[in-house]
Amino acid sequence: MSARVLVGVKRVIDYAVKIRVKPDNSGVVTDGVKHSMNPFCEIAVEEAVKLKEKKLIKEVVVVSCGPQQVQETIRTALAMGADRGIHVEVSGKDSDTLGPLQVSKILAALAKKEDARLVILGKQAIDDDCNQTGQMTAALLDWPQGTFASEVVLEGDKLKVVREVDGGLETVRLRMPAVVTADLRLNTPRYATLPNIMKAKKKKIDVVKPSDLGVDLTSRLEVLRVDEPPQRQAGVKVETVEDLLSKLKEAGRI
Amino acid sequence: MYIKLHYPFHCVFFKLHYPANSLYIRNFIPQTIWAVKFIGVMALASGVTLRSYIGKSFRLIFNRIQKRGVASCIDPSVGLSDEQKEFQKVAFEFAANEMAPHMAEWDEKEIFPVETMRKAAQLGFGGIYVQPDVGGSGLSRLDTSIIFEALSTGCTSTTAYMSIHNMCTWMIDTFGNLDQRQRFCPDLCTMNKFASYCLTEPGDGSDAASLLTSAKLEGDHYILNGSKAFISGGGDSDVYVVMCRTGGKGAKGISCLVVEKGTPGLSFGKKEKKVGWNSQPTRAVIFEDCAVRVTNRLGQEGQGFNIAMKGLNGGRINIASCSLGAAHACVQLARDHLTVRKQFGETLSNNQFLQFQLAEMATRLVASRLLVRQAAGALQEDRDDAVPLCSMAKLFATDECFTICNQALQMFGGYGYLKDYPVQQFVRDIRVHQILEGTNEVMRMIISRNLLKDS
């Protein structure tokens, strides 16, 4: 198949890092903090590379939006087996307000431009937990979507996706081209091997501006304030069951 | 009830990282309280609940122990190129996911983790500085040091064996002819076969040039007689790089032969019982009229000692790097312990003496790391000062890192002495780094010789 897959990856604060809120409550401290690829995006890249190894698709193109540093994340994806990368350069104020709507517009434009048959994304990013980009991208492209995928099988020109939903597992069959978002149990991302890391250096990363794609980046959302979760309050010890009931009534719990 | 609520989380936290018998009730309660406080502090601080189960469940917990992204002054990725940072990242992930969960079990049961090492070889860790045409990764000495330092945070003993295996593979790659390289290196790079380095004898340790194992030429075979002591991997390895005497006395009479397991006349002593390095077997290697083809000789007759020493220069950087990894892990473990353990009404991290001691540990670590990396660069460029610099790096790093790990153990108090906690294993594993690949006393000999030689 001569199909091309577009995989979106996001550079987020590493999941093992202790998050700190900025003193002015405008956001979270990101300077000097360790960043890495969103874990769900790793799973998405792995799935795309697996499809390529099964010879079901021809080329894996990795896309990331943001400032210069996202090129590190694209390189990691290239080291895992992607063929080439596209860095959509968004810097300064625009990168702070970059949200699912803007990214999905960019991905939709790129999917059309690159003539992609399949767009695979992580189900959500671990910094904002939006779980919107995949769905919005599918809507903008008017393509079918298979979200929370725990299994993806290519059957000719149809895609069978097993989705993890609240009620259990749901199997859907989608016509291609389609958008899939990866959930935790889709696969286990491989380690990049040393030879692949060295090969990744030679792979191409194209730099594109959102204006080249005709995308308007203005955000309709404004972050007013970011706070840490409230500190855990001390409990109160009571002597008798009656006391407990009256205290619970006071607090409006019963 | 307190214990039960957190049991699944605690169970995963302890069962995988520490031996299963730690779940006996007597030890259970203080450990549970420690674990719950530790996890509780982490949960409060991290806020978003998604983070508390994201990642491949166990991986999250071990990465919290490995504490990635904490304490920038000891960050081992400072000053590295992007590519080197990628290598380091893969090595750290491999160490955290594939090695750290098993390190205690490998030590206790003396398991030689063949499958895990083969997985590492698939990533290219079997012949890191071996040339690519025979299956190696073709990286530099500095890249190698970075990789072993990261792997060592997962299991120092296993990483140290991997470094010895790499050293032997490099020796065959560098000094072997095309036939020998093609015969041995591909299998060694994939760790389909394992290698051991045989120089030390019962009567010849530091005085290696006076070794006695003889190799008499008879037709197209050398007949080996003698024995080697303390051979890492001995008995389990498939390929033995043996330094033996083909000529007269002294270093110039020594040649290097590759002996394969299964050769008649090759046998092994009993598996030694060691204080540490328990995930690799150590045995005596015995030659009794063992016939080895002349085509298995690396280089010329009389070149053996030279080959052995050149191998050891890199080996010393690798061993020093393993010490660095263990010390790095211990500094992070100690740091976390200080923020959790309370005495006299406050956390230990408020105690000035312990703060100062932690600072000293961090300083020793960074200083050692700089010297090791400098030596790696010198060796790569084959500079004149490479040999004494490698000796300095091995001497300094192994001594300092042992001090760091020992101090970390002290900070853990009584818990540091229990096998349920990993600090004691790091201490036991790196103690031998001050002894092998040239004792630290021999390192001083090499350095002083360089200082005092006639210019």
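Guide: Let's start with a pair on one helix: B:D179 and B:R183 both sit in helix α10 (residues 178-189) of chain B, 4 residues apart, about one turn of the helix. Helices here are DSSP runs of H or I with at least four residues, strands are E runs of at least two, and both are numbered from the N terminus. By the way, this is a predicted model, where local features need pLDDT of at least 70, side-chain atom pairs count only at pLDDT 80 or more, and totals for chains, interfaces and linings use all residues. Residues are numbered from 1 along each chain as its sequence is written, chains are lettered from A and ligands numbered from 1 in the order in which they are written, and side-chain values use heavy atoms, with hydrogens and water left out.

Visitor: In what do the side chains of B:D179 and B:R183 meet?

Guide: The test is a side-chain nitrogen of Lys or Arg within 4 Å of a carboxyl oxygen of Asp or Glu. For B:D179 and B:R183 the N to O distance is 3.3 Å, so what they form is a salt bridge.

Visitor: Is B:D179 buried or exposed, or partly exposed?

Guide: Buried means under 20% relative accessible area, exposed means over 50%, and partly exposed is in between (1.4 Å probe, protein chains only). B:D179 has a relative accessible area of 41%, so it is partly exposed.

Visitor: Which parts of chain A does the salt bridge between A:E46 and A:R190 link?

Guide: The closest N and O atoms of A:E46 and A:R190 are 2.8 Å apart. The two residues are 144 residues apart, so to speak from distant parts of the chain. A:E46 counts as buried at 2% relative accessibility, while A:R190 is partly exposed at 26%. The parts linked are helix α1 (residues 39-53) and the loop between β10 (178-182) and α6 (194-200).

Visitor: Why does the salt bridge of B:E83 with A:K201 join two chains?

Guide: In this salt bridge the closest N and O atoms are 3.2 Å apart. B:E83 lies in helix α5 (residues 82-99) of chain B, and A:K201 in the loop between α6 and β11 (205-208) of chain A, so the pair joins two chains. B:E83 is buried at 17% relative accessible area, whereas A:K201 is exposed at 52%.

Visitor: How many disulfides does the whole structure hold?

Guide: A disulfide is a pair of cysteine sulfur atoms within 2.5 Å. The nearest cysteine sulfur to B:C185 is that of B:C189, 5.8 Å away, and for B:C390 it is that of B:C322, 15 Å away. Over all chains, the number found is 0.

Visitor: How much of chain B counts as buried?

Guide: Chain B has 15 helices and 10 strands. Of its contacts (heavy atoms within 4.5 Å) between residues at least 6 apart in sequence, 74% join residues at least 24 apart. Of the 455 residues of chain B, the buried share is 58%.
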